[in-house]
Structures are given as structure tokens and as C-alpha cells.
Amino acid sequence: YSLILGFRHPRMTPALADKVIRYAAEREGLRYDMRGVVGAKLPGLGDDPNSWYCSELVAAAFQAAGLPLAPTRHISPDDLKQLGIKGVLKPLGPVNV
């Protein structure tokens, strides 16, 4: 088992959740954005708009639903965790998977 943390945007509704899911599902099969992963911590490297890394896709999907998490699409998994710690996202608690 792995331990993950779950967070929820305080303004999330079923309709917005559907938008988030649909946005992410439409990008299924695109390449992993290794350059973007490095660029999240080293701005200026650029990234490929046709590929995604995990937290980048999450942020873009929330942005598309009108629930921005960050000013740009560059966001790391730790940045997402920090949004939970700062109260921007509400924690759901640890989840065993």
C-alpha cells in the first residue's frame, strides 16, 4: 500500500468536478512532460504544450473548470501539498491505495 493525501477545492461542485475530469480525460495518451518537470523548479526552460506531468495536468484541469490553483501551469506535487497546508485546498485526509 501507498499513502497519498487527498485535497478538495472548497468551491468544488459536481458540475465543476465533471469539467476537471473531462479536461484531464481529453488529454489521456499524451506524452509525459519531462522538460516541464524540470521547468517547474527551473523556470525558463519552457515546456511542451502537448505533454503533461502529473501536477501540471491537475492544475490545468482545475484552471479549465474555473478553479485556478496557480498563476501558471508549472506546479509541482509539493506545491499542491502546500496549497493544502495553507488552506487553499481542504484536506480529505490520508488515503491508502
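Which strand and helices each supply at least two residues of the lining of the largest pocket? In this predicted model, they are strand 1 (3-8), helix 1, helix 3 and helix 4 (77-85). The views below start with the pocket and then turn to a pair of helices.

**View A. The largest pocket and its lining.** Here's the largest pocket, with about 300 Å³ of space in it. Its lining is made up of 16 residues. Sort those by class and you get 12 nonpolar, 2 polar and 2 charged residues.

**View B. Around the centre of the largest pocket.** Zoom in and you'll find Phe 7, Val 58, Phe 62, Leu 80 and Leu 89, the lining residues that lie nearest the centre.

**View C. Helix 1 packs with helix 3.** Two packed helices are described by the angle between their axes and the distance between the axes. Helix 1 covers residues 14-25 and helix 3 covers residues 54-64; they pack at an angle of about 130 degrees, and their axes are 8 Å apart. That angle is why helix 1 counts as oblique to helix 3. As for handedness, the crossing of these two helices is right-handed.

**View D. Where helix 1 and helix 3 touch.** On the helix 1 side, look for Val 20, Tyr 23 and Ala 24. They meet Leu 57, Ala 60, Ala 61, Phe 62 and Ala 64 in helix 3. By class, this contact has 8 nonpolar residues, with no polar and no charged ones.

Definitions and conventions: Residues numbered from 1 in each chain as written. Predicted model: local features only at pLDDT ≥ 70, side-chain atom pairs only at ≥ 80, totals over all residues. Heavy atoms only, no water. Axes fitted to C-alpha atoms, helices over the stretch in contact; angles between N-to-C directions. Helix = DSSP H or I, 4+ residues; strand = E, 2+ residues; numbered from the N terminus. Parallel < 35°, antiparallel > 145°, perpendicular 65-115°, else oblique. Left-handed = near helix turned anticlockwise from the far one by under 90°. Contact = heavy atoms within 4.5 Å. Nonpolar A, V, L, I, M, F, W, Y, C, P; charged D, E, K, R; others polar. 1 Å grid on protein atoms, 1.4 Å probe; cavity = no way out; pocket = protein on both sides within 12 Å on 5 of 7 lines; lining within 4 Å. Points joined across faces, edges and corners; volume = space filled by probe spheres on them.
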